[in-house]
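Here are my notes on this structure. Please read them with the model open beside you.

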Amino acid sequence: APTRTLYTYSESARIFTEAKELMPGGVSSPVRAFKSVGGSPIVFDRVKGSKAYDVDGNTYIDYVGTWGPAIIGHADDKVLEEVKKTMDKGTSFGAPCVLENELAKMVIDAVPSVEMVRFTNSGTEACMGMLRLCRAYTSREKIVKFEGCYHGHADSFLVQAGSGVATLGLPDSPGVPASSTKSTLCATYNDVGSVEELLKEGDVAALILEPVVGNSGFIKPTKEFLQGCRDLCDKYGTLLVFDEVMTGFRVAYGGAQAYFGVTPDVTTMGKVIGGGMPVGAYGGRRDIMDLVAPAGPMYQAGTLSGNPLAMTAGIETLKVLKQPGQHDKLEAASKKLVDGILAHAKANGHAATGGYAGGMFGFFFCEGPVTCFADAAKADMEKFGRWHAGMLERGIYLAPSSYEAGFMSLAHTDEDIEKTLEIAGEVMAMI
Ligand code: PMP
């Protein structure tokens, strides 16, 4: 193997040590703390294109992309230019602005299930609004989610949720009242039978899923599973909800519902539609959305919702993504990366399995296939920790948990991917 100077992180370590005194775990969101890979997090100084630059002067090829939003690359020149122009007119109106119409039209045009949309400030808020809406529309209380799917941190969703909850081994969270989760039922991903068991008991307002899972690592549904969910919802009068906070505009311009050709009743979004600014959204059929206040009686609000800065970053990001062929490029890059990583794993005798959809990908250190959370939990987490640290100190920034997906961007070049694979070969031989 070539001799490389491995990165050191003394300034990151100094800042993080101080941060731990100031903020719980030193972070503003749990998975960033690197707990599941055992290391200490890198403190970023700036990001651009496919790269992240840390406070020690190290440069990384970044496959986290601020957890999904940076799909056209970090800090895109045109996005920044338009955001600066908007900022000159003020940062928040708390009153209607025409930019909301513009982003709403783009979302409605793109996403098959969405006829009307409500903007929020985060994916969590979008999912909270969606949940209340589904209950209001159906006059039912129960919801069915899937083990290992994450829908933000609202009480009702913190049941067998993936992401940070899985990473930290907290199946539930203290502080969530039993009354908030008693109506939340959990089915097994890719298992239509487990869904029907729960729906047939009745009173289920919504069946909610990540239409490609990214919060238990990357897990792809079968088309039959998604169609089965659609058919069961029709049979039992339950609303089908795709939580496309991660997959929206990422696996395809119209999200996973366009990618697989299965249309839900309600969709939640976030991440990409804010182009790196805080945005979430939920939308669906007009007759459902008409219930949302002030058109209807279901209350949901937000001081900063639809603010001009966030709308601008979203609009400019979607304009780039909408160009023909962008998602083919993203998927080709994801495929090249995953195929290459799996080949290096195999050549070095590691059990591994993985997949991709558009600009989203992942792999596990275990025999495949991984079709649900229980499969994902069998992956070798210690080996993942060694892999993560080896990649990091050679300049490749991957999500710091086996329970997270990877994110490709349009700024990742062939050269970036080839360099990543060369390093992956070295690290696979070492772990
Ligand atoms: N739903 C899904 C599918 C997500 O991946 C996430 C965040 N990773 C959320 C909801 C919550 O979004 P936010 O972190 O913006 O609150």
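1. Start with the domain contact: 33 residues of domain 1 are in contact with 37 residues of domain 2. In contact means that the C-beta atoms, placed from the backbone, lie within 7 Å. Domain 1 is 10-75 + 324-430, and domain 2 is 77-322. These bounds come from an automatic or database domain assignment. The C-alpha centres of the two domains are 24 Å apart.

2. A word on the source. This is a predicted model: local features need pLDDT of at least 70, side-chain atom pairs count only at pLDDT 80 or more, and totals for chains, interfaces and linings use all residues. Residues are numbered from 1 along each chain as its sequence is written.

3. Which elements give two or more residues to the side of domain 1 that touches domain 2? They are α12 (326-347), β11 (353-357), β12 (360-364) and α13 (373-376). Helices (H or I, at least four residues) and strands (E, at least two) are DSSP runs, numbered from the N terminus. The largest share, 4 residues, comes from β12. By class, this side of domain 1 has 18 nonpolar, 13 polar and 2 charged residues. Ala, Val, Leu, Ile, Met, Phe, Trp, Tyr, Cys and Pro count as nonpolar, Asp, Glu, Lys and Arg as charged, and the others, Gly among them, as polar.

4. Next, helix α8 (residues 223-236). Its 14 residues reach 20 Å from first C-alpha to last, close to the 20 Å expected at 1.5 Å a residue. The expected span is 1.5 Å times one less than the number of residues. F225, L226, C229, L232 and C233 are the buried residues of α8. They sit on the same side of α8, because they cover an arc of only 125 degrees around the axis. That arc is taken from the directions from the helix axis to the C-beta atoms. On the other side, K223, E224, D234 and K235 are exposed. Buried means 20 or more other C-beta atoms within 10 Å of the residue's own, exposed 12 or fewer, and partly exposed in between; C-beta atoms are placed from the backbone.

5. F34 has a positive phi, near 65 degrees, though it is a residue other than glycine. F34 counts as buried because it has 21 C-beta neighbours inside 10 Å. Phi of D203 is also positive, near 65 degrees. D203 has 14 such neighbours inside 10 Å, so it counts as partly exposed.

6. Finally, look at the cis peptide bonds. One joins A293 and P294, with omega about 5 degrees. Another runs from G368 to P369, with omega near -5 degrees. P369 lies in the loop between β12 and α13.

Terms used:
Contact = placed C-beta atoms within 7 Å.
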